[in-house]
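Open the model in your viewer and keep the sequence panel beside it. The stops below say what to select and what is found there.

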Amino acid sequence: MGDKATIIAMEQNALQPGSWPTEMQELLLKACLLEGSAARDAWEKWKSRVDIDWIDEGSNRLLPLLYHNISQLGIDDPVLTKAKGVYRYQLTKTHIMFHQVMPLVGKLQQEGIEVILLKGSAFILDYYESFGLRPQLDIDIMVRPENVNRAAELLEQQGLLCEYQQSIDTLKRFRHSCGFSGGVEKRIDLHWNILHPSSDTDTVTAIWELAKVTSYQNYTLLTMSSTHHFLHSCIHGLRWNRHAPCRWVADAMMVLRSPESTIDWQLINLM
């Protein structure tokens, strides 16, 4: 039958494909997002039913948020040691990523190309309390459709390589973005649409019209409105995945909880 760790890993990672968090992920999300006794109860139930060394990747991405929320309750538990380590690792990793990527974004702006921050980088700047709370693999940006080819050319001139061999014009027909990499922490996902190449043109236009200003150090940047951030999180999370995702729930809740967020529910209904 195998040792205990192997059995636990098989049970925890036997996730049903789809788009909704599993039962264990729901408990983890409650421990990450709720307050007081509700968070404490979810934490106790979750930790009693999992081995933190063998959790799925989706749950692993929530460990920094788990450490942050549970430690604020005054709980000092050895099980939180790994979560604290993941938080510290992500804190350093994200600072390095921003340090390496933001000059590239600045270069695009200097060339007259407007840039909107998407997903993780935008959430880190506007919604999460710390750079260590929201793990990400790259920095997602969006440029206007007419600027995509020039933006890709500039990124390549800065030493980044496109992850696909096809031309940008070819990629536009069946993708909404393309990844560029110049190293482990020097990665940009260049978007010309937020979801799919066939998305409604009016939606893309509205994103640019409602974009708001944010900042990082000496960089002045654009990011999406809270309405579009909320919608983007939900749609990404609800797309089919071979492993049930869960981070999108935390992202959506961060938008809803922000005192600066104003969700236009009528606009969402129209999209």
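A residue counts as buried under 20% relative accessible area, as exposed over 50%, and as partly exposed in between. Ser167 has a relative accessibility of 39%, so it falls in the partly exposed class. Keep these cut-offs in mind, because the words buried, partly exposed and exposed are used in this sense throughout.

**The whole chain**

This is a predicted model. Colour the chain by confidence: the mean pLDDT is 89, and 89% of the residues reach 70 or more. Next select residues 4–15, where the pLDDT is below 50. Beyond near neighbours in sequence, this stretch has 20 contacts in the model. Where pLDDT is low, the predicted coordinates should not be read in detail.

Now switch to a cartoon view, which shows 13 helices and seven strands. Of the 271 residues in the chain, 51% are buried. Among contacts between residues at least 6 apart in sequence, 66% join residues at least 24 apart.

**The sheet**

Select the strands. In what order do the seven strands lie in the open sheet? The order is β3-β4-β5-β2-β1-β7-β6, with mixed pairing. The edges are held by β3 and β6 (212–216); each has a single partner strand, so one side of each has no neighbour in the sheet. Strands of a sheet pair through backbone hydrogen bonds, either parallel or antiparallel.

Start with β3 (residues 161–162), which is joined to β4 by two bridges, the two strands running antiparallel. Pick Cys162 and look across to β4, where its bridge partner is Phe180.

Move on to β4 itself, residues 177–181, where four of the five residues are buried. Five bridges join β4 to β5 (residues 187–191), again in an antiparallel arrangement. Show Ser177 and His191 together: Ser177 stands opposite His191 in β5. Then follow the chain through the hairpin of β4 and β5, which has five residues between the strands. Stop at Gly183 in this hairpin, where phi is positive, near 150°.

Further along the sheet, select β1 (residues 116–118) and β7 (residues 219–223), which run parallel and are joined by two bridges. Leu117 has Thr223 in β7 as its bridge partner.

Return to Ser167, which lies in the loop between β3 and α9 (168–171). Draw a C-alpha to C-alpha distance from Ser167 to Ala152: the two are 15 residues apart in sequence and 9.9 Å apart in space.

Next select Lys119, found in helix α7 (residues 119–126). Its phi is near 55°, a positive value in a residue other than glycine. Is Lys119 buried, partly exposed or exposed? Its relative accessible area is 24%, so Lys119 is partly exposed.

Gln217 is not glycine either, and its phi is positive, near 50°. With a relative accessible area of 63%, Gln217 is exposed.

**Helix α2**

Select α2 (23–33). Eight of its eleven residues are buried, so α2 is largely enclosed by the rest of the structure. To see them, show side chains for Met24, Gln25, Leu27, Leu28, Leu29, Ala31, Cys32 and Leu33. What do the buried residues of α2 pack against? They pack against α3 (36–49), α4 (57–60), α5 and α12.

**The second largest pocket**

For the last stop, select His68, Tyr127, Glu129, Met254 and Arg257, which lie nearest the centre of the second largest pocket. The lining has 17 residues, and the pocket volume is about 310 Å³. The elements that give two or more residues to this lining are α2, α5 (63–71) and α12 (247–257). Which of the elements gives the largest share of the lining? That is α5, with three residues. Colour the lining by class to finish: nine residues are nonpolar, four polar and four charged.

Technical notes
Residues numbered from 1 in each chain as written. Predicted model: local features only at pLDDT ≥ 70, side-chain atom pairs only at ≥ 80, totals over all residues. Heavy atoms only, no water. 1 Å grid on protein atoms, 1.4 Å probe; cavity = no way out; pocket = protein on both sides within 12 Å on 5 of 7 lines; lining within 4 Å. Points joined across faces, edges and corners; volume = space filled by probe spheres on them. Nonpolar A, V, L, I, M, F, W, Y, C, P; charged D, E, K, R; others polar. pLDDT = per-residue confidence, 0-100. Contact = heavy atoms within 4.5 Å. Buried < 20%, exposed > 50% of the residue type's maximum accessible area, 1.4 Å probe, protein only. Pairing = 2+ DSSP bridges.
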